[in-house]
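The structure comes first, and the notes follow by topic.

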Amino acid sequence: MNTHRPLDHATALALADERNTAGLVDRAGALCAMGHANAVSYSRKVFIPLTQLCRDVCHYCTFAHPPRKGEAAYLTADQVLDIARAGAAAGCKEALFTLGDKPELRYRVAREALARLGHATTIDYLVAMARLVFEETGLLPHVNPGVMTRDEIARLREVSVSQGIMLESASARLCEKGGPHYGSPDKDPAVRLECIDTAGELGVPFTSGILIGIGETRRERIDSLLALRDLHERHGHIQEIIIQNFRAKPDTKMADAPEPDGDDLVWTLAVARLVFGPSMNIQAPPNLSPGALRPLIAAGINDWGGVSPVTPDHVNPEAPWPHLDALARETAAAGKTLVERLAIYPSYAHAPERWLDPAFHTPVRRAIDSDGFAKTEKWSPGSTETPPTLFHPYEEAATTGALSPILDKARGGNDLSEADIVRLFQARGGEIAEVCVAADAVRRETVGDTVTYAVNRNINYTNVCYFRCQFCAFSKGKLSENLRGKPYDLGLDEVERRGREAWNRGATELCMQGGIHPDYTGETYLDICRRLKAVLPDMHLHAFTPLEVWQGAKTLGVSVGAFLAQLKEAGLGSLPGTAAEILDDEVRAVICPDKVSTEQWLSVMEQAHAIGLRSTATIMFGHVDRPVHWARHLLRLRDLQKRTGGFTEFVPLPFVPMEAPIYLKGRARRGPSFREAVLMHAVARLALHPHFTNIQASWVKMGPVGVRACLNAGANDLGGTLMNETITRAAGASHGEEMPPEAMDRVIRGLDRTPRQRTTLYDDVPQDRQNAAYGAAELDPVQLPRARRYERPPSAGPNLLVRPGLDAAD
């Protein structure tokens, strides 16, 4: 938990006299780890120098220059797009527009060029070019146009995800004659601070920072940092603080000025971290300190800024960007992991309604992972894309052991806290290996090297549903969020036929659930159980989500406990743990507001366990949720399992986005990353130990390669063969409707593990059932009787539409 208290001004200013740099570095490094774990981020950008004319004459700058004969004042739209397209092709996500400040106020050539381009001001042209780049390439613009008015900031907010202006220094002394900012009206610190303040009032994610070594004192540096902190405390909008070290450049007035040495830069970085605390993003450009990056990381930075694989650093052309592979290796050598981000930082990307123009809400959501960093892979759950590498060998070799106390606690069977679990989910690079190895060791100690699975059949008896779960692509018809596809409703004869066929193919379980059909009552579910048990007395019925149980009880006018008892008497053997989604009502309010609440879901399960009905437990993750929600979900399951012992297994279900309404509407991420999906299995093994014995990996969602990774990260079960998987396929997954025992065995033996068929409750399967499962006949074509009534606007029915999530009385 972050318990840091910010330094007051006097204490911060007193650091100016602190000469124990090593002590400052130790404190700063600890603060940085508190706020950013082991991640050091960067933005893959393309640098677009829209104009290098500027009305200011800073004495150290070579980016800006007076008009040159034969050189255009501004890049043309075609030139801008050429640069942007090259960046997009190279995997860049940020278009950095850097330009001189209001050159039209100083140079006639700028005014004439703007007139020919059809614009009155440089800002007008910048607005047009930023919009063009975003619309044509999808790159997210970040703009650095110098001092801006309120109206200019507001207009640029509509076409960019972030803006910036370096404060450089809050010392007005540097603007006096002989100072580096003399003759540069836009370098007046009061003017720049007013611009930054206005950006905060307008809700713009903003970049700023200081330039060190231009004649300022250390106290003036701290004054500058405090001025920025004051503005950030007022608005919360400063997303990064850049500490840039002055580099002397030929042909400038400061060509012979001394540059700050490495120790001075490290001192300033550490002080900046102490002033701003653990959460702020502190950046140092890596190309300005070649060969000396580890001390910068130790001093508390967590970001390298923008690095371009396409364009040079036009501000510091003498300092080439480091190659990204080299930067990753140097970062790993310091015990950190290089992580790509967008131009907008994670905490701002997670709150687009507050910080972004609506045009950027969907592009940003679809470009980030659960931590708000860039999602760089093509893989999504259910897709056939090859999963990415989880970590590199050089990252595994450079871990610091920061996770060891948490991992030791978990291995010892001690309860992890919410903060512990969140920290495990933050694992990147070599830390992923640490978490997976620890989880797999616990798996081996708990269940050995046997991997289990059940031969079962899914029967989804209807896809008509009057609930409007935003993630669901299975439900169809006029009551559904998803209007594509035909609604169906199976009769008891077809349910029985499928059950008999499954038995003949060696199944020991029927897994049954479906949409909440408005004509269904609790009697519907009882009839299904009675019909099947009458003809298949030895088949285990694993059926009915807590939502179906709640709705069934309400429609019969009985308590949940009484209805569960009726279901058990009718032959129900256990409950699937679906409808859990995320057991946190903050998330449920977005993805399934009318569904059972967290408390209601847990209550149904506790009552089921109390009468001897066991159940699975699931989590459906990777949409609008974040690691803190996952941690709360796991803790709630763990606490209930401690009381009842009724859960047979935990089943992570990665969100399959392709056809999900919430994704198609642009309101969800593109599913979890492969790292997140594997970590869910590993962290669950650790967080739920020793209370949960079995962790299941979904072959439908993870695919064969993915489940192999999960089986090496704490999972020990592959679920069921399924025979007819329809819910995940409706969401766009491509991994088939069935994985027969022969295929299950191949996957498991490929990992030098031992396959074992199991029953729903993890008992041994009789040999005759096992024999029937191998070499089973092809399934007959399924029958999907159309629910024609629900292809048209529904008429008022006689049944109450129970919506527990919206019923305060429940």
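Contact here means heavy atoms within 4.5 Å. This is a predicted model, in which local features need pLDDT of at least 70 and side-chain atom pairs count only at pLDDT 80 or more, while totals for chains, interfaces and linings use all residues. Residues are numbered from 1 along each chain as its sequence is written, and side-chain values use heavy atoms, with hydrogens and water left out.

**Arg44**

- Arg44 sits in strand β1 (residues 39-49); strands (E, at least two residues) and helices (H or I, at least four) are DSSP runs, numbered from the N terminus.
- Leaving aside residues up to four places away in sequence, Arg44 touches Ala90, Gly91, Cys92, Lys93, Glu94, Val307, Pro309, Leu324, Glu340 and Arg341.
- The side chain of Arg44 reaches the backbone oxygen of Ala90 at 3.2 Å.

**Helix α18 and Glu431**

- Helix α18 (residues 430-447) contains Glu431.
- With 18 residues, α18 reaches 26 Å from its first C-alpha to its last, close to the 26 Å expected at 1.5 Å a residue; the expected span is 1.5 Å times one less than the number of residues.
- Glu431 counts as buried because its relative accessibility is 4%, where buried means under 20% relative accessible area, exposed over 50% and partly exposed in between (1.4 Å probe, protein chains only).
- The side chains of Glu431 and Arg423 make a polar contact (2.8 Å), that is, a pair of N or O atoms within 3.5 Å; within protein, one must be able to donate a hydrogen and the other to accept it, and residues adjacent in sequence count only if both atoms are side-chain atoms.
- Elements covering the buried residues of α18 include β9 (337-341), α16 (404-411) and α27 (674-687).
- Gly448 follows α18 and has a positive phi, near 75 degrees.

**The second largest cavity**

- The lining of the second largest cavity includes Asn38, Lys336, Thr399, Gly430 and Glu431; a cavity is a set of points on a 1 Å grid over the protein atoms alone where a 1.4 Å probe fits but cannot get out, and lining residues have an atom within 4 Å of a point.
- The volume of this cavity is about 60 Å³, a volume being the space filled by probe spheres set on the points, which are joined across faces, edges and corners.

**Helix α20**

- Helix α20 (residues 522-535) has 14 residues and reaches 21 Å from first C-alpha to last, close to the 20 Å expected.
- Among the buried residues of α20 are Tyr525, Leu526, Ile528 and Leu532.

Conventions
On a 1 Å grid over the protein atoms alone, a cavity is a set of points where a 1.4 Å probe fits but cannot get out, and a pocket is an open set with protein on both sides within 12 Å along at least five of seven lines; lining residues have an atom within 4 Å of a point.
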